[in-house]
Amino acid sequence: MWHLFVNEIIKAFSKWRTYIGFGAIGVGVILAMWGFSIGGSSIQRDLLRRLGDEFITTGNLANGMWASYLLMNTLFIHIPFLITLMAGDVVAGEGTAGTFRIYLTRPVSRTRVLTSKLLATATYTGSIVLLLAILSLGLGNWWLGTGDVFIVDEQGILILPWDLALARFALAYLFAFYTMFTVAALTFLFSVMVTNAIGPIVGTMAIITVSGLLTIIQLDAFAWFQQHLFTTHFVLWQYAFRDPIPWEQVMDSVIHLGLYSASFVAVAFVLFRRKNVLT
Amino acid sequence: MNQLDLEVKEGEIFGFLGPNGSGKTTTIRLLLSLIRPTEGSARLFGQSIRREYPRYLRQVGALVDEADFYLNLSALTNLKLLARLHKGVDEARCREVLRLVGLEERAHDRVKTYSHGMCQRLGIAQALLHRPRLLILDEPTTGLDPQGMHEVRQMIRRFAHEEGMTIFLSSHLLNEVEQICTSMAVLNEGKLLVSGPVEQFLSAETATLTELQADPISAARTVLEGLPFVSQVEEQNGRLHFRVDHQHRPKVARALTEQAVEIYSLTPVSRLEDYFLSLFGSPDTGGELP
């Protein structure tokens with residue numbers, strides 16, 4: 001299995017599209033941090049205005065930790081798109097290129113081949129999330145300075161001390177990887193079904209868009225199924241920044257996303273084992 | 001496919017022929033487990049193609065259709081990638097097969113810089129990596145120029161004679177099968193029509209195409225066109241080709257001599273195309289199956 005996995009990593013990193021995700025995160029985080037360094041104080045003023053006269057604050061709220069927290073909102077749309085670029089091509093790309101004819105005529109079962117591709121997809125997904133974490137926290141703290149994380153949301157106000165915040169970021173990014181793996185699994189399933197990578201990418205983003213819309217529109221008619229949409233659980237990473245952490249809600253999201261991922265992967269394996277290689 | 005039962009002896013170069021749509025590529029893809037049978041069963045080396053393909057594929061090397069590789073990787077990296085899927089195949093073997101197909105000088109060049117002929121040779125190289133007992137080649141000379149075709153055919157002969165490999169060659173080029181195959185089978189609409197040694201289908205007694213070298217050639221042509229049992233008289237490169245049944249050939253010689261035509265040679269041309277035309281009844285296709 002290790003050899004198969006190494007093969008998939010070599011194949012993936014021989015394509016320029018694999019580097020788009022890393023490049024986009026690098027450029028995006030640098031530009032975002034530069035923007036925060038220029039406009040962070042105005043955001044801080046707006047934030048404090050909302051609090052009125054009830055709080056006296058000292059120090060710099062618009063610090064690297066806070067900027068990193070805001071950048072995690074890219075996990076709703078932007079990071080999923082970058083993940084589909086590789087996950088959509090990992091199986092379909094071989095169909096397009098015709099390379100299944102030399103790869104699948106080897107003494108290796110299709111189950112093992114697909115497992116290695118899934119592991120490579122998971123590795124890529126983890127790398128993208130890890131790069132976002134390292135760049136935003138590392139660059140953010142270096143450029144904007146460090147400090148406590150000041151979070152204002154519908155739950156209220158939460159101030160996390162710097163050292164506790166680091167642990168919460170670690171948990172949040174772990175949740176983020178788990179969530180993004182569901183996106184990767186969906187794209188992976190589409191990639192098994194077709195021989196062109198564009199379809200899985202567009203299909204996944206279309207589903208995320210529609211499901212996301214259904215998630216945020218608060219109508220009684222949607223209430224009965226909203227909790228079961230996988231995009232409803234894209235907020236899993238945010239639970240790491242609550243105090244106390246709502247572990248029941250965490251488990252609910254973990255179960256929902258786990259079931260989605262398992263289903264997508266199971267169907268992908270069934271289809272791939274039966275797939276006729278005609279290209 | 002319908003009740004296809006082929007016996008290929010070890011060490012043979014076996015030609016697999018049939019018109020377009022006859023099921024040649026389908027058969028090969030089924031054997032290599034690239035496509036699944038809709039019903040029924042098939043076995044290769046006595047093992048089921050549905051469940052036991054990882055086992056028998058250890059003994060099979062294949063080139064199906066055109067040779068497609070990971071274009072951004074070098075030839076050597078492509079082969080090393082495939083070698084990892086076999087036990088006991090190392091980088092030295094990858095370099096060896098590149099040498100066998102004449103690509104060792106271009107081992108480190110990316111495959112996207114290769115010509116079509118080089119890709120086909122690399123395709124044969126990847127099929128040889130694990131020293132298979134059976135080499136399956138599906139139209140290996142497709143798209144090659146005459147020089148390239150000659151080189152590939154030479155390689156096939158070498159693998160069979162020197163490496164002791166059994167070669168299963170699917171082709172619609174009749175002269176290719178005639179030149180290099182020892183046995184063959186003909187497929188049509190998924191069914192096996194005939195199979196056996198190639199010599200069996202090249203018997204001089206059954207051939208009707210005849211070549212005449214004579215002088216003056218115009219007079220010879222006039223004589224032939226006047227004979228009721230002679231048809232399709234054509235002149236090519238100073239010789240006449242025509243069709244006549246075996247038993248009428250002496251009458252042709254007598255008729256020419258009576259008209260003072262000097263005969264230098266009167267030779268039956270044993271061509272596989274003749275046999276196929278009798279099977280499928282199609283007009284002359286220039287050496288290819290329809």
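The exercises below, each with a worked solution, concern a predicted model. Residues are numbered from 1 along each chain as its sequence is written, and chains are lettered from A in the order in which they are written. Local features need pLDDT of at least 70 and side-chain atom pairs count only at pLDDT 80 or more, while totals for chains, interfaces and linings use all residues.

**Exercise 1. Describe the side of chain A that touches chain B.**

Step 1. Two residues are in contact if their C-beta atoms, placed from the backbone, lie within 7 Å. The contact takes 21 residues from chain A and 22 residues from chain B.

Step 2. Helices are DSSP runs (H or I, at least four residues), numbered from the N terminus. On the chain A side, H1 (2-12) and H6 (100-103) each supply at least two residues. The largest share, five residues, is that of H1(A).

Step 3. Sort by residue type: Ala, Val, Leu, Ile, Met, Phe, Trp, Tyr, Cys and Pro are nonpolar, Asp, Glu, Lys and Arg charged, and the others, Gly among them, polar. The chain A side then has eight nonpolar, eight polar and five charged residues.

**Exercise 2. Check the span of helix H11 (residues 247-274) of chain A and find what its buried residues pack against.**

Step 1. The expected span of a helix is 1.5 Å times one less than its number of residues. For the 28 residues of H11(A) this gives 40 Å, and the end C-alpha atoms are 40 Å apart, so the two agree.

Step 2. A residue is buried if 20 or more other C-beta atoms lie within 10 Å of its own, exposed if 12 or fewer, and partly exposed in between, with C-beta atoms placed from the backbone. The buried residues of H11(A) include Ser253(A), Leu257(A), Phe264(A) and Phe272(A).

Step 3. Those buried residues pack against H7 (110-144) and H8 (162-193) of chain A.
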